[in-house]
Amino acid sequence: MRTGLRMALLVLAAGVVSHAQKTTTKTNGTVWDRPISFSTKSRDSCTMVVSGAGDHTRLRVSCKGPSPPQTQPQTRSYYCDFQGTPNLCRAYNTNPRHYFTQMMWDMRKLNHACQGPSVYRPLMCKKGSDEAQMTFLASWPKHTTPKPAKTGQVQRKPAPAQPKVPKVPSIPRPVKPQPQPHPGKGTVGKKPTSRPTTRPTEQGEAKAARLANEYCWKSFHGICTYLISWFQN
C-alpha cells in the first residue's frame, strides 16, 4: 500500500516538473521566435533574430536598404552577428526580449546597423559582467566607404621632370692687399731717437782756444776751451 502511494507521488511530481518545463520552453520560444523589426536612420529595414549557440546566445541583425545614388538602383543587404551570455544578468532572465529591444534603440540611431559599437551594454544589464554583454562577432559584407569622385575634375598627367641645370661655381673676388707699415715709421710706442751730438767744427775750436788764451790761466786752457766751444754750440 505504501509502495503504491510512493509511486503515485513520484508520477505526480514528474508530471508537474514536465509541465513546468513545457511552459518555460513555450514562453521562451515565443520570445526567441518573434523577430524584432526596426528601421535605421538611413531607412534600412532591419530584423533582429535571437538563437542559441551552446552556452552562448547569438543575435543576427539583417538589413535591407536602397543602394547609394551613384550606383545602379537595386536593393543592398547586409547582416552582422553578436554573441554573449546575457543569461548571467538577472534582469535578462526576467524579460529577455526587453534586453534586445534596448539594443534595437541604439541601432536605429545609426545609418548602418552594423557600424555601431563592438560591445552593446543594454541599460538593464549595464552593470553586469563583460560576459553578459553582446559582443560583435562577424559581418557581411565588410563595409568600406569609397571616396566620392569630384565631378568636373579632369585628372591631369604629371608634368615631365625638367633636367637639372648644373650650378656654376662662384669665383671669389681678389682681395686687395693692405699696405704694410714700414718698420720705424708710424708705429706706436717707437723708441725716441737720440739726437747726435754735434761736434764743434775746426773753426769753432780755434776761436774757443783763442778766447781761452785771452781770458783763462794757462793751466785751465783745456777746460776753458771745452766749455767755450760747448756754449757756442
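Is Cys-80 buried or exposed? Cys-80 is buried, with a relative accessible area of 0%. The model examined here is predicted. The account starts with the sheet, then turns to the core, the disulfides and the salt bridges.

Strand 4 and strand 6, the latter spanning residues 134–140, pair in the antiparallel sense over five bridges. In this region, Asp-81 has Ala-138 of strand 6 as its bridge partner.

In soluble globular proteins, nonpolar side chains tend to be buried together. The largest nonpolar core of this model has 24 residues. Those with the most contacts inside the core are Phe-38, Met-48, Leu-59, Val-61, Phe-82, Phe-100 and Met-103. Two or more residues come from each of strand 1, strand 2, strand 3, strand 4 and helix 3. Helix 3 gives the largest share, five residues. Phe-100 illustrates the contacts. Residues up to four places away in sequence aside, Phe-100 touches Ile-36, Met-48, Val-50, Thr-57, Leu-59, Tyr-92 and Met-134. Two of these contacts, Met-48 and Leu-59, are also named among the residues with the most contacts inside the core.

Covalent links come next. A disulfide is a covalent bond between the sulfur atoms of two cysteines. The model has four disulfides. With bonded cysteines counted along the chain, the pattern is 1-2, 3-5, 4-6, 7-8. Cys-46 and Cys-63 form one of them, with sulfur atoms 2.0 Å apart. This link is right-handed, with 115° about the S-S bond. Cys-46 lies in strand 2 (residues 45–53) and Cys-63 in strand 3 (residues 56–66). The two cysteines are 17 residues apart, and their bond links distant parts of the chain. Cys-46 counts as buried, at 2% relative accessibility. Cys-63 is buried as well, at 2%.

A disulfide also joins Cys-80 to Cys-114, with an S to S distance of 2.2 Å. Here the link is left-handed, with -85° about the S-S bond. Cys-80 belongs to strand 4 (residues 75–84). Cys-114 sits in the loop between helix 3 (96–107) and strand 5 (119–120), 34 residues from Cys-80. Because its relative accessibility is 14%, under the 20% limit, Cys-114 counts as buried. Another disulfide joins Cys-216 to Cys-224, S to S 2.2 Å. The torsion about this S-S bond is about -100°, so the disulfide of Cys-216 and Cys-224 is left-handed. Cys-224 counts as buried at 15% relative accessibility.

Side chains of opposite charge can pair when their charged atoms come close. The structure holds three salt bridges. In one of them, Arg-76 pairs with Asp-44, and the closest N and O atoms are 2.9 Å apart. Arg-76 lies in strand 4, whereas Asp-44 lies in the loop between strand 1 (36–39) and strand 2. The pair therefore ties together parts that are 32 residues apart in sequence. Arg-76 is partly exposed, at 26% relative accessibility. Asp-44 is buried, with a relative accessible area of 0%.

Asp-81 is in strand 4 and Arg-60 in strand 3, 21 residues apart. Asp-81 is buried, with a relative accessible area of 9%. Arg-60 counts as partly exposed at 36% relative accessibility. A salt bridge also joins the side chains of Asp-130 and Arg-121, at 2.4 Å from N to O. Arg-121 is partly exposed, at 36% relative accessibility.

Definitions and conventions:
Residues are numbered from 1 along each chain as its sequence is written. This is a predicted model: local features need pLDDT of at least 70, side-chain atom pairs count only at pLDDT 80 or more; totals for chains, interfaces and linings use all residues. Side-chain values use heavy atoms; hydrogens and water are left out. A disulfide is a pair of cysteine sulfur atoms within 2.5 Å. Helices (H or I, at least four residues) and strands (E, at least two) are DSSP runs, numbered from the N terminus. Buried means under 20% relative accessible area, exposed over 50%, partly exposed in between (1.4 Å probe, protein chains only). A salt bridge is a side-chain nitrogen of Lys or Arg within 4 Å of a carboxyl oxygen of Asp or Glu. A nonpolar core is a set of buried Ala, Val, Leu, Ile, Met, Phe, Trp, Tyr and Cys residues joined through side-chain atoms within 4.5 Å. Contact means heavy atoms within 4.5 Å. Two strands pair if DSSP finds at least two bridges between them.
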